[in-house]
Amino acid sequence: MTINYSRSLVNQSLIIKRCAHELQTARYQYHDFLSIGIVEGGSCIANIDKVRHIKKNTLVIIPSQLVHWCQPIDIVNWRYTMLYIASNALEDQFNPPMTIKLTSRQMQQVKMIMDSAVYELSPTNILTKIINVLDDEEILFF
């Protein structure tokens, strides 16, 4: 069971959270950051703008200051990565909150972007790369 937080090595306005096999209490919370996450394994019930069942290969985008909660269902396989990005000019493109089902290819691409975020100078570049992945193929909002 692990939760790891790290800051970008080159941009202090970016925090990366990685979580695996961690049972978390469903409690209301909010962040002062735009939150962009991928569910890499397992599933959860989340209340973002409404209660949703979020499964593997889903991109979740939560605007800053939005009250939400999440409760893992399958703790054995539960795994996700979340980027917290300080207020950004592109944040308006991600309001309201979104959950987007990714293809396997999109998931791999977004995961690579998130894994390399620790070295990225500009959060805008990260967001632009993710937007480009989503623009490459038809996406399914749910």
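The exercises below, each with a worked solution, concern a predicted model.

**Exercise 1.** Determine whether S43 is buried or exposed, and describe the surroundings of its side chain.

*Solution.* Begin with the location: S43 belongs to strand β4, which covers residues 43–47. Next, take the relative accessible area of S43, which is 11%; because buried means under 20%, S43 is classed as buried. Then turn to the side chain, where a polar contact of 3.2 Å links S43 with H53. Finally, with neighbours within four places in sequence left aside, the contacts of S43 are H53, I54, K55, P72, I73, D74 and W78.

**Exercise 2.** Find how many aromatic pairs there are, and classify the geometry of each.

*Solution.* The count comes to two aromatic pairs. In one of them, the ring centres of F33 and Y84 lie 6.5 Å apart and the planes meet at 55 degrees, so this pair is tilted. The pair joins distant parts of the chain, since F33 sits in the loop between β2 (14–20) and β3 (34–41) while Y84 sits in strand β8 (residues 79–85), 51 residues apart. As to accessibility, F33 is partly exposed at 23%, whereas Y84 is buried at 7%.

The other pair is formed by W78 and Y80, with 5.2 Å from centre to centre and 50 degrees between the planes, and is likewise tilted. Both W78 and Y80 are buried.

Definitions and conventions
Residues are numbered from 1 along each chain as its sequence is written. This is a predicted model: local features need pLDDT of at least 70, side-chain atom pairs count only at pLDDT 80 or more; totals for chains, interfaces and linings use all residues. Side-chain values use heavy atoms; hydrogens and water are left out. Helices (H or I, at least four residues) and strands (E, at least two) are DSSP runs, numbered from the N terminus. Buried means under 20% relative accessible area, exposed over 50%, partly exposed in between (1.4 Å probe, protein chains only). A polar contact is a pair of N or O atoms within 3.5 Å; within protein, one must be able to donate a hydrogen and the other to accept it, and residues adjacent in sequence count only if both atoms are side-chain atoms. Contact means heavy atoms within 4.5 Å. Rings of Phe, Tyr and Trp (its six-membered ring) pair if their centres lie within 6.5 Å; planes under 30 degrees apart count as stacked, over 60 as edge-to-face and the rest as tilted.
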